[in-house]
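Look at the sequence and the structure below before reading on.

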Protein chains: 2
Amino acid sequence: MNAEIIAVGSELLLGQIANTNAKYISSQLSELGINVYYHTVIGDNAKRLKQAITLAESRADCIIFSGGLGPTKDDLTKETIANHLQLSLVTDHEALGQIEAFFTQRQMPMTANNRKQALVLDGCEVLANHHGMAPGMFLTYHNKTYILLPGPPKELEPMFQYEAKPKLAELIHDGGVIRSHVMRFFGIGEAALETELDTLLETQTNPTLAPLASDGEVTLRITAKAQSDAEAEQLIQHKVQEVQAIVGHYQYGIDDDSLASKLVDVLRHNHLTISAAESLTAGLFQSEIAEIPGAGDVLIGGFVTYTVNAKTHLLGIPSSLIDTYGVVSAECAVAMAQAAQAKTGATIGVGLTGAAGPTAHGDEPAGSIWIAFVIGDQLPVTKHLQLSGMRNTNRLRTVKYAYDAILKQLRHCGYDIQL
Amino acid sequence: MNAEIIAVGSELLLGQIANTNAKYISSQLSELGINVYYHTVIGDNAKRLKQAITLAESRADCIIFSGGLGPTKDDLTKETIANHLQLSLVTDHEALGQIEAFFTQRQMPMTANNRKQALVLDGCEVLANHHGMAPGMFLTYHNKTYILLPGPPKELEPMFQYEAKPKLAELIHDGGVIRSHVMRFFGIGEAALETELDTLLETQTNPTLAPLASDGEVTLRITAKAQSDAEAEQLIQHKVQEVQAIVGHYQYGIDDDSLASKLVDVLRHNHLTISAAESLTAGLFQSEIAEIPGAGDVLIGGFVTYTVNAKTHLLGIPSSLIDTYGVVSAECAVAMAQAAQAKTGATIGVGLTGAAGPTAHGDEPAGSIWIAFVIGDQLPVTKHLQLSGMRNTNRLRTVKYAYDAILKQLRHCGYDIQL
């Protein structure tokens with residue numbers, strides 16, 4: 001079975017909102033193993049909607065509509081489909097009762113146009129709307145399946161998940177399941193990953209492999225079709241091991257992990273705490289850790305030392321060190337890391353300093369950045385980056401490189417880092 | 001002129017990402033007065049892409065493509081268009097130089113597939129990519145305009161705005177101009193703003209007014225059509241003054257201003273400096289200031305004091321104060337603000353403490369937050385928030401409330417705050 005998603009709404013074409021419904025529905029269909037070949041967005045226009053339906057019927061088994069089920073004149077999705085399929089619209093009394101109750105509850109007068117929301121395609125199965133007024137519809141007609149969903153994501157998502165998806169699963173039921181996992185990598189580009197995995201990518205059948213780059217990271221989605229969950233998981237785990245044998249060094253996590261959440265997990269698991277002194281990142285390293293629930297177990301606190309004065313006064317770094325090596329130096333980064341560790345008593349102290357850009361910092365070009373950290377009483381580790389992004393991309397990237405470098409060093413030192 | 005946007009990428013059809021590029025491009029086209037009747041999304045599939053191009057050519061004057069310009073085998077947008085239009089692909093040597101420089105700078109080996117990124121449609125105008133490797137293309141051919149943009153929003157948005165949009169504006173130039181400005185508000189909801197501006201919204205013709213809520217802020221876009229820039233600007237300025245007469249108290253800025261950039265501007269202009277001690281926000285307040293170029297003139301640095309120990313040890317807050325009032329208290333926030341000010345010598349010291357959620361913090365419910373700040377030797381200002389969002393939304397919201405409260409207090413004290 002393959003599906004096409006048609007979103008109806010001029011606000012989408014005006015760029016007021018993004019079509020997040022298509023993303024949501026697509027990810028749900030992907031889980032069911034239903035292929036989606038097209039998303040289409042059109043405005044509140046009956047003629048163009050009709051053309052879009054005709055086209056979709058020529059290439060898809062299932063057409064899913066979002067939007068245009070509301071009470072106003074420009075809501076015309078079901079009217080247009082009814083006209084196109086030559087079906088009538090009939091009042092669904094259960095939906096009408098809910099709409100009337102909605103207004104009674106709020107002690108608001110119900111305007112007449114709200115009755116229009118209870119009209120459904122004759123012969124369809126009605127999909128209940130537990131978060132709004134307009135009901136959805138599920139109709140199989142002349143061998144095509146039509147699913148009509150309301151536009152607001154808060155109404156559409158639960159309606160799809162709990163009302164439409166089970167009906168779709170029933171339709172396509174063949175005893176099989178589809179499962180996928182995402183492997184997450186840092187420190188390798190998408191092109192390099194594909195080159196490394198060339199043979200695996202060329203010969204993929206089941207599971208399939210799909211690499212994707214975003215925000216300086218690369219992910220690899222592994223999707224398996226099988227007769228049972230267990231069998232699909234086994235296929236995926238086998239493929240994960242093949243991939244790890246080639247590029248495992250770059251993998252930091254799986255599925256919903258982020259570098260920050262992985263670091264927090266590893267620190268908690270190993271009873272380690274962390275502190276930082278941040279110059280160019282100015283608190284971002286610590287703030288992203290604090291985003292993760294449970295960060296309180298590992299993040300003690302630390303310093304933002306944006307100016308030279310802050311580095312000497314708050315951290316006690318000697319002016320002579322800064323005079324000799326400059327603030328963008330391995331020496332300064334190490335001194336910052338050691339001060340953060342010493343002043344907070346954290347197991348790990350981190351120092352981040354550099355020229356975020358857009359301008360150079362003295363002799364140091366924009367994007368020249370030093371990361372340093374100290375784990376316990378080990379020797380400090382330093383890493384130099386030469387980034388070429390915009391100021392803020394460089395700051396975000398620095399934080400990711402720092403998380404990744406600490407994770408790799410912890411693994412190198414024999415700490416438990418389960419992937 | 002009307003346009004159609006074709007996004008290419010299987011990750012969109014799999015529901016891994018939303019088509020935010022179509023939203024961005026549509027909003028930009030709307031400013032130019034170009035109608036968009038269709039968004040189409042297709043996967044990395046040459047046959048379906050070719051069909052989509054043929055269909056788009058039958059109904060649009062301008063076709064804008066996003067995605068599929070990268071180095072890998074499944075990037076096939078320009079190859080398919082070249083084949084469809086029977087044009088060849090030629091190496092753009094400037095783009096190739098930039099790609100080579102990218103790898104040299106990072107001291108990474110350049111794999112051969114990266115050279116593919118420098119290929120462009122013969123006869124096109126090349127759109128420079130200042131944030132990535134793949135160049136864009138602008139081609140007018142047989143009376144149709146084809147614009148090819150890279151998929152990552154960080155690359156696509158500046159390329160569209162600074163490279164493609166001016167060329168489009170030239171194409172559609174008819175002696176008239178369309179200009180718009182965005183007024184930015186904080187501390188008032190969208191519905192309340194609409195109610196306040198009821199009469200203005202009801203009677204709008206030219207300029208038009210479009211309110212929009214996002215991330216706890218509300219914006220009002222004012223768009224004017226006129227015969228000249230000067231005339232359009234005059235129409236907009238007149239409307240801005242009418243709006244300010246009603247809700248000016250809530251306005252913090254205009255166009256590309258953010259609360260953080262506005263605060264940095266105002267502090268620089270008035271030769272003030274700032275420091276903070278952050279608990280729940282853990283560096284976010286300072287980091288967002290550091291995002292703004294020129295932040296070095298106003299941000300000295302400060303503290304992340306996530307634990308009680310960090311508050312007593314790094315800031316010197318007496319344990320007795322914390323025992324008496326708790327860490328989520330006006331007293332603790334004020335002590336943090338005063339310590340940040342005293343220890344850094346900044347003009348303004350800020351203290352942020354609270355229960356970000358998802359769990360309560362002792363007796364304090366999730367979302368209970370105290371903001372305190374001291375300007376020079378004035379009495380401290382405190383503000384309590386009871387937020388109801390998710391953990392990270394609450395942390396972001398806290399930072400915005402703090403910026404806004406400081407700006408309002410500076411205006412109240414007679415500092416120069418030009419809007």
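What follows is a short briefing, grouped by topic.

This is a predicted model, in which local features need pLDDT of at least 70 and side-chain atom pairs count only at pLDDT 80 or more, while totals for chains, interfaces and linings use all residues. Residues are numbered from 1 along each chain as its sequence is written, chains are lettered from A and ligands numbered from 1 in the order in which they are written, and side-chain values use heavy atoms, with hydrogens and water left out.

**Helix α3 of chain B**

- Helices (H or I, at least four residues) and strands (E, at least two) are DSSP runs, numbered from the N terminus.
- Helix α3(B) has 14 residues, 46–59, and should span 20 Å at 1.5 Å a residue; the expected span is 1.5 Å times one less than the number of residues.
- B:Leu49, B:Ala52, B:Ile53, B:Ala56 and B:Glu57 are the buried residues of α3(B), where buried means under 20% relative accessible area, exposed over 50% and partly exposed in between (1.4 Å probe, protein chains only).
- These residues cover an arc of only 135 degrees around the axis, which puts them on the same side of α3(B); the arc is that of the directions from the helix axis to the C-beta atoms.
- B:Lys47 and B:Ser58 are exposed on the other side of α3(B).
- The cover over the buried residues of α3(B) includes β1 (2–8), β2 (35–42), β3 (62–66), α4 (77–85) and β8 (144–149) of chain B, with contact meaning heavy atoms within 4.5 Å.

**Aromatic pairs**

- A search of the whole structure finds seven aromatic pairs over all chains; rings of Phe, Tyr and Trp (its six-membered ring) pair if their centres lie within 6.5 Å, and planes under 30 degrees apart count as stacked, over 60 as edge-to-face and the rest as tilted.
- A:Phe285 and A:Tyr403 form a tilted pair, 4.9 Å centre to centre, with 40 degrees between the planes.
- This pair links distant parts of the chain, 118 residues apart: A:Phe285 is in helix α11 (residues 284–290) and A:Tyr403 in helix α15 (residues 391–412) of chain A.
- Both A:Phe285 and A:Tyr403 are buried.

**Charges over rings**

- A:Arg48 lies over the face of B:Tyr37, at 3.9 Å from the ring centre; a charge sits over a ring if NZ of Lys or CZ of Arg is within 6 Å of the ring centre and within 35 degrees of the ring normal.
- B:Arg59 lies over the face of B:Tyr38, at 3.5 Å from the ring centre.
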